[in-house]
Structure formats: C-alpha cells, structure tokens
Amino acid sequence: MILKTFKNICSMTLLGGFSMLTSCSTPTVEEKTTALEDSRPNIVFILSDDMGWNEPGFNGGNKELTPSIDSLRASGVDFKNFYVHAVCAPTRSAFLTGRYAFRTWSDWRSEDFGKPTYLEKLGMKLAVNEQGEETRRIHALDSEERTVAEALKEVGYATSIIGKWHCGEWFPEHLPMGQGFMNQYGHYAWGIDYNNYTIPHNAPAKFAVYDWHRNQEPLFEQGYATDLIANETVRLIASHKERYGEKPFFMYIPFNAVHGPLEDVPRYTDKYSKRHAALKCLDDAVGRIVGAVDQYGFGENTLVIFANDNGGLRDSMNAPYRGTKNTNYEGGVRVPCVMRWPGKLKQGDTNNEMMHITDFYNTFAKLAGASLKQERPLDGMNMVDTIFKDKPSPRDEIVFEVSGSVRFPCIRKGDYKLVGDELYNIAKDPSEKNNIAKSHPGTVKTLKALVKAYGEQRPPLKEMDVLMTPALPWVYGQQENANVPQWVKDQVQKVRNTQPKSWAPGKTPWPQAPKDGKIIYTGDGR
C-alpha cells in the first residue's frame with residue numbers, strides 16, 4: 001500500500017490516492033522533539049566516491065579491505081535505506097543545499113557543458129570563445145543557494161572541506177570558501193590523478209589541468225591523494241582547539257576514492273587489484289580520521305558519518321541491487337551509510353527507515369541550533385528522532401530525477417518506484433527484477449503525474465553565455481590561473497606531454513551520456 005502522508009514543506013492535493021504537489025513555501029521552525037536538538041555536536045561527514053553497495057565488508061565485501069569502515073559500523077548504526085542521487089555532483093549539491101538536484105540544475109554537472117553527447121540532450125552545441133577555441137559554458141552551484149556550511153557557520157561552527165568539491169571550479173564565488181567553508185583543501189572538479197593532482201581533461205579540451213589547492217591557492221605536494229586528505233583532516237582536528245577554542249567543528253570530507261583514474265596505488269597492489277588496493281587505502285584513511293577524533297578528545301561529542309555518493313561502476317559491485325552509477329535503479333542510488341556517536345547511538349544497531357542525502361541539511365541544522373528559515377524551500381527533513389530515537393521516518397517519497405535530465409524521471413513513493421516507464425515494488429522486489437507497470441497502470445499514471453508536477457518546478461536554465469576562458473587553463477580557479485606559478489605549468493606540461501594528441505571520431509577521454517536511461521562504464525570509469 002502506498003503511503004498517502006506527505007510530510008514536508010509543500011502543500012498538497014490528492015490525485016488517485018497520491019499526494020500531488022501544488023505549491024511550496026518557506027518552512028516553519030519545528031518544535032524541539034529531543035534534547036539532542038541544539039546540542040551543538042561536532043559533525044564529521046566522510047563521503048566516499050563510486051564505492052559499490054557490497055564493497056564494504058559489512059555489506060558482504062572482502063573484510064580484509066575495509067576493517068576500519070567495518071569497525072565504524074560495529075560501533076554505530078547501519079542505515080539500510082539511505083538514498084542519494086545517481087551521480088557525483090547532484091548528490092553533493094543536494095547535501096550542501098538540502099534541495100533536490102534538479103532545483104539547482106545540479107543534475108547537470110559542470111563538465112557536462114563541454115561534452116557534445118550531453119549537450120545534445122539540451123539542444124545545445126559546444127561553445128566557441130572569441131579566440132575560436134571550443135570551450136565549455138560555466139556551470140556551478142548558484143552562490144545564492146544557502147549551504148549547510150553557511151547555516152552552521154552562522155551559529156559559530158568552524159567549517160572545513162577536505163577533499164572533492166565538484167560544485168564549480170572556476171569563479172571564486174562558486175568555490176568552497178565562497179559557499180560557507182572557512183578552510184578548503186583538495187580539488188574542485190570531478191576526478192583527479194591521485195599522484196600528480198591533475199584532471200585528465202578539461203572537457204571539451206582533452207588535456208590535463210592542475211587541481212590541488214589549500215584555501216584556494218594551488219598547492220605543491222607529494223603523496224597519494226587519499227593519504228593527503230587524511231593527513232589534512234588529522235591536522236585540522238589536532239589544531240582545532242588552538243585555532244578555534246571551544247567552537248564546534250563541521251568537517252566535510254569527500255574523498256575522491258575510489259573514483260577513477262586509478263593509476264599508481266602506493267600499497268597493497270601486491271595482493272589486490274588496483275581498485276581493491278585503492279579501497280583499502282581509503283579504509284586506512286577513514287581509520288586515521290576516526291582515530292584522530294578519539295585521540296584528541298572529541299569522540300564523546302562528535303557525530304561521525306560515513307556514506308557514499310552514488311553506486312559503483314558495475315552491477316556486480318552493487319548486488320543484490322540492480323544498476324550502476326548514473327542510473328536511478330537501486331544500485332545507483334541506494335548506498336552504504338553508517339553513523340557513530342558514542343552514548344547517543346546504539347552500537348551494532350540497524351535502521352531501516354527511508355532517508356535521503358538532503359535530510360542531512362535539516363538534521364545537522366537542528367543538532368547545531370541553526371535556523372531553517374530561508375527563502376528557498378527545502379526538500380530535506382529533520383531526521384533527529386529517526387536517527388536517535390528509532391522513530392518512523394517522516395519521509396515516504398524521494399524525487400531522484402525529473403524531466404530535463406540525461407536520465408529518466410524517477411520517483412519513489414511509499415513502496416513503489418517509477419523509473420522512466422518501469423514500475424517496481426521496492427518492498428517486495430528491492431532488486432527491481434519484476435517490472436509491474438502493465439499490471440498497475442493506475443499507479444504508473446499517478447506517479448508520472450507526480451514526478452511531472454515536480455519537474456514543473458525546475459527553474460529555467462540561466463543564460464549559459466559565460467565561457468571558460470582560456471579554454472584550457474593551467475589550473476582550476478580563475479584567480480589562481482591568472483597568477484599561475486611556474487611550477488604548476490611545469491607539472492601540467494609534463495603530464496600533457498604523455499597524453500594522446502588525437503582521438504578517433506566519437507572517442508573521448510570521458511564516458512558518453514547515458515542512452516535509454518542506462519550507461520556502460522569501461523576501465524576505471526574516469
């Protein structure tokens with residue numbers, strides 16, 4: 001039976017037994033429901049990249065690869081119905097804003113505006129700048145969006161991002177320190193080489209760009225990116241009291257692991273494949289971060305969360321669920337998620353309530369005592385009672401995709417999930433083996449009307465007339481590229497000298513857009 005209750009900030013009317021969205025308004029401040037609200041814990045959110053559902057040991061993977069992540073799960077709660085968007089940037093923007101990706105056009109990644117097969121789906125062609133170079137239109141998370149970092153900073157949190165941003169890589173207002181983060185470390189764009197910190201391409205240009213920064217200045221370092229992200233996080237934890245006194249901290253740690261390109265992995269390749277070696281390196285890093293939280297005396301007042309941004313590249317990585325990254329089947333959008341807060345969460349517990357990545361916005365704000373009053377409506381919901389008091393989730397619906405995306409419109413309502421024209425009962429068929437659309441035409445009709453109503457809320461795409469100039473920068477960050485150090489040029493040119501100078505027609509360094517709602521990744525999925 002489909003749940004009819006719709007508990008969010010939007011007013012609804014009923015259509016065919018479903019709640020139909022009619023209008024949205026600014027949310028009212030909810031009454032406190034637990035002593036944990038306004039308790040101002042430290043919050044550490046660790047996000048892996050492209051890890052499959054069954055790759056951590058606690059979900060059936062090789063326990064030799066993930067002992068630290070498994071230990072985190074054993075000391076906290078495993079959330080079995082935690083959902084994200086189907087690919088990197090949409091999940092990140094949804095987390096940062098508490099809003100579905102379509103509302104910010106973040107279901108289109110910045111690099112998609114330099115990829116012909118993606119642009120075709122918008123009826124657009126590659127842009128050409130005044131120099132006659134093919135380049136891409138600038139696209140990023142709107143700086144007018146309120147981010148969770150801004151919300152927490154408003155109430156006195158020290159805010160840091162250590163890792164992958166992927167919400168804009170050019171103008172300063174689109175970079176992390178323009179979006180509420182006081183400390184920044186890592187890379188801006190989608191997938192760096194872990195050892196030389198270059199993006200293999202600057203779509204549509206097919207050559208490398210440098211992308212490693214501290215506080216939005218290019219940074220020269222040596223080491224493996226996964227290890228460096230852990231090093232920086234430990235440094236910030238260790239120095240927090242000296243720098244910020246009794247301020248609570250919010251650390252967002254989005255690793256690029258295990259996203260491609262997977263080139264040289266510094267250890268474990270004598271025993272494991274490159275991907276598994278990279279996963280074990282990620283596990284090492286998670287163990288060091290959680291260990292530092294405890295070592296420096298923050299463990300008892302810190303909520304630590306580990307989750308993943310989207311499904312893995314192969315169906316086999318996401319079994320028993322169907323689908324991969326860049327699809328809206330369960331294997332693309334249901335991901336591992338564990339949380340630890342000693343004394344507040346039961347060790348070894350399991351939670352089966354439905355949650356979405358947008359819910360962290362409201363939940364973190366409530367824990368921190370931050371306001372949820374804002375101009376732009378939220379899709380996230382306050383999950384404090386669901387997480388800490390085992391109360392039923394207030395969420396019975398998730399909008400994964402609406403029209404205008406490269407993927408099929410997709411919505412889950414209660415037990416039912418519509419993926420394009422296909423219908424599944426997730427409660428009975430979580431592996432989505434049995435398309436029941438023909439036997440449930442009324443449900444299909446109603447869900448299509450519902451997801452269509454959401455799609456009508458997508459704002460117009462802003463004028464895409466601002467171009468990346470130069471078409472092939474040395475380093476990401478407009479201001480950084482304007483004063484690029486010689487060492488950056490030397491480092492980048494060294495990499496470019498090794499890259500192919502031409503590609504066969506139709507071949508590119510990046511995967512092509514999904515077809516018929518599906519995508520096949522080859523190699524490491526870079």
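Let's start with strand S19, which covers residues 397-401 of this predicted model. Five of its five residues are buried, so the strand is largely enclosed by the rest of the structure. Who is its partner? S19 pairs with strand S20 (residues 410-413) in the antiparallel sense, and four bridges hold that pairing.

What do they pack against? Just after the helix comes Gly-98, with a positive phi of about 70°.

Now zoom out for a moment. The protein has 14 helices and 22 strands. Its C-alpha trace spans about 60 × 55 × 45 Å along the principal axes. A compact globule of 526 residues would have a radius of gyration near 24 Å, and this protein has 22 Å, which agrees. Buried residues make up 63% of the 526 residues. And if you take the contacts with a separation of 6 or more, 71% of them are between residues 24 or more positions apart.

Next, look for the sheet. Ten strands form an open sheet with mixed pairing, and you can walk across it in the order S13-S12-S9-S8-S14-S3-S15-S16-S4-S17. Which strands stand at the edges? They are S13 (217-218) and S17 (349-351); each has a single partner strand, so one side of each is left without a neighbour in the sheet. Elsewhere in that order, S15 (residues 302-308) and S16 (residues 337-340) run antiparallel and are joined by four bridges. Ala-307 stands opposite Cys-337 in S16.

Some helices lie across strands of this sheet. Helix H5 (residues 225-238) lies across S8 (158-164), S9 (183-187), S12 (213-214) and S14 (249-254), and runs at about 170° to S8. Helix H10 (residues 359-368) lies across S3 (42-48), S14, S15 and S16, running at about 175° to S15.

Helices also pack against each other. Two packed helices are described by the angle between their axes and the distance between the axes. Take H5 and helix H7 (residues 274-295): they pack at an angle of about 5°, with their axes 9 Å apart. Angles under 35 degrees count as roughly parallel, and H5 and H7 are therefore roughly parallel to each other. On the H5 side, the contact includes Thr-226, Ala-230, Val-234 and Ile-237, while the H7 side includes Leu-282, Ala-285, Ile-289 and Val-293. What kinds of residues are they? The contact divides into nine nonpolar, three polar and two charged residues.

H7 has another packing arrangement to show you, with helix H1 (residues 67-74). Here the angle is about 45° and the axes are 7 Å apart, which makes H1 oblique to H7. H1 brings Pro-67, Ser-68, Ile-69 and Leu-72 to this contact, and H7 brings Lys-280, Asp-283, Val-286, Gly-287 and Val-290. Those residues divide into five nonpolar, two polar and two charged.

Most residues other than glycine have a negative phi, and most peptide bonds are trans. With that in mind, head to the loop between S14 and H7, where you will find Val-258 and Pro-261. A cis peptide bond with omega of about 10° joins Ala-257 and Val-258. The bond from Gly-260 to Pro-261 is cis as well, with omega near 5°.

Then there is phi. His-166 sits in the loop between S8 and S9 and has a positive phi of about 60° although it is not a glycine. Is His-166 buried or exposed? At 2% relative accessibility, it counts as buried. Glu-432, in the loop between strand S22 (422-425) and helix H12 (441-455), is not a glycine either, yet has a positive phi of about 55°. At 1% relative accessibility, Glu-432 counts as buried.

How values were computed
Residues numbered from 1 in each chain as written. Predicted model: local features only at pLDDT ≥ 70, side-chain atom pairs only at ≥ 80, totals over all residues. Heavy atoms only, no water. Pairing = 2+ DSSP bridges. Helix = DSSP H or I, 4+ residues; strand = E, 2+ residues; numbered from the N terminus. Contact = heavy atoms within 4.5 Å. Axes fitted to C-alpha atoms, helices over the stretch in contact; angles between N-to-C directions. Parallel < 35°, antiparallel > 145°, perpendicular 65-115°, else oblique. Nonpolar A, V, L, I, M, F, W, Y, C, P; charged D, E, K, R; others polar. Rg over C-alpha atoms; globule rule 2.2 N^0.38 Å. Buried < 20%, exposed > 50% of the residue type's maximum accessible area, 1.4 Å probe, protein only.
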